[in-house]
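Please view the sequence and the structure before reading on.

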Amino acid sequence: MQQINLLLTSLPDGILLGFVYGVVAMGLTLIWGVMNVINLSHGPIIALGMFSTFILFIRMGINPYLGLILVAIMGLLLGILIYFIAVHRVINAPHLSSLLATFSVNMIIIGIGTAVFTTSPYNVDFNLGSFPLGNTTILGTRLVAALIALVVTGGLYFFLYRTRPGKYIRAVANNRSAAELMGIPSTQILALSFGIGTMLAAISGALIATFFPFNILSGANYELKSFVIGVLGGLGNPVGALFGGLILGILEGIIPAFLETSWVPVIEFGLFVLILLVRPSGLFGAKK
């Protein structure tokens, strides 16, 4: 009975967190789907989103959710900059070259962030209250973050399938050479894709900062989760990442009711390996 009560208490939080996890992984899987690049700077960019929210709210007094607009714009511009500086020249090189390029960006961001912010924990002390739901209490910040995650996912889907730049991104993802023959500027589209992927990472960091303490190294944990979520939802399928995030969030809500929390990453990465072995394209398919 105690385990059931604990499950009913932790599961709603896990589900809400799962929506945010979906956005965490969305940028990583979008970049992979469009340009076959694994972005190892994904984690530090999530951390930059956290610190951007901290600076905007604590230092400038801007509401964290209004500040999301600025965080999104800065993430988009940063992603385009990273693409042209580090990724563009190795886009057609072997995967190891792009891995090393993005890993270098990862180390640069962490180095600068450590020098500026140190590795001490920071916290965005923002409270939207809470309300009871059965045996548990739902934090307002987590509920709003989940709703924003749904809006972001819907916006990404609309952009990719209903706008001309989005259709260009899908065309380049399917066949870059054919898209270029049709007059699509692939370099600009790849830069835009990397920028959007980076923007999504920054947005997810901004949302997480409203309910968890963080430091410049915090993004690494969410980057690892992104790989698990990407495999669950299908690498190359950014919308599928939302379902992968929900699965991971539900697992994190269920496991502590029956096992020590230290088992959570063990089971998550065990599932990661299992999916790779049984269904490499992911539970929800992937880019062919």
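Asn36 counts as partly exposed because its relative accessibility is 33%, where buried means under 20% relative accessible area, exposed over 50%, and partly exposed in between (1.4 Å probe, protein chains only). Asn36 lies in the loop between α1 (2-35) and α2, helices being DSSP runs of H or I with at least four residues and strands runs of E with at least two, numbered from the N terminus. Although Asn36 is not a glycine, its phi is positive, at about 55°. Most residues other than glycine have a negative phi.

Thr118, also not a glycine, has a positive phi of about 60°. Thr118 sits in the loop between α4 (95-117) and β1 (130-133), and with 37% relative accessibility it counts as partly exposed.

## Basis of the model

The model is predicted, so that local features need pLDDT of at least 70 and side-chain atom pairs count only at pLDDT 80 or more, while totals for chains, interfaces and linings use all residues. Residues are numbered from 1 along each chain as its sequence is written, and side-chain values use heavy atoms, with hydrogens and water left out.

## A buried threonine

Thr53, in helix α2 (residues 42-59), counts as buried because its relative accessibility is 2%. Leaving aside neighbours within four places in sequence, Thr53 is in contact (heavy atoms within 4.5 Å) with Ile58, Pro64, Val71, Val124, Ala206 and Ala209.
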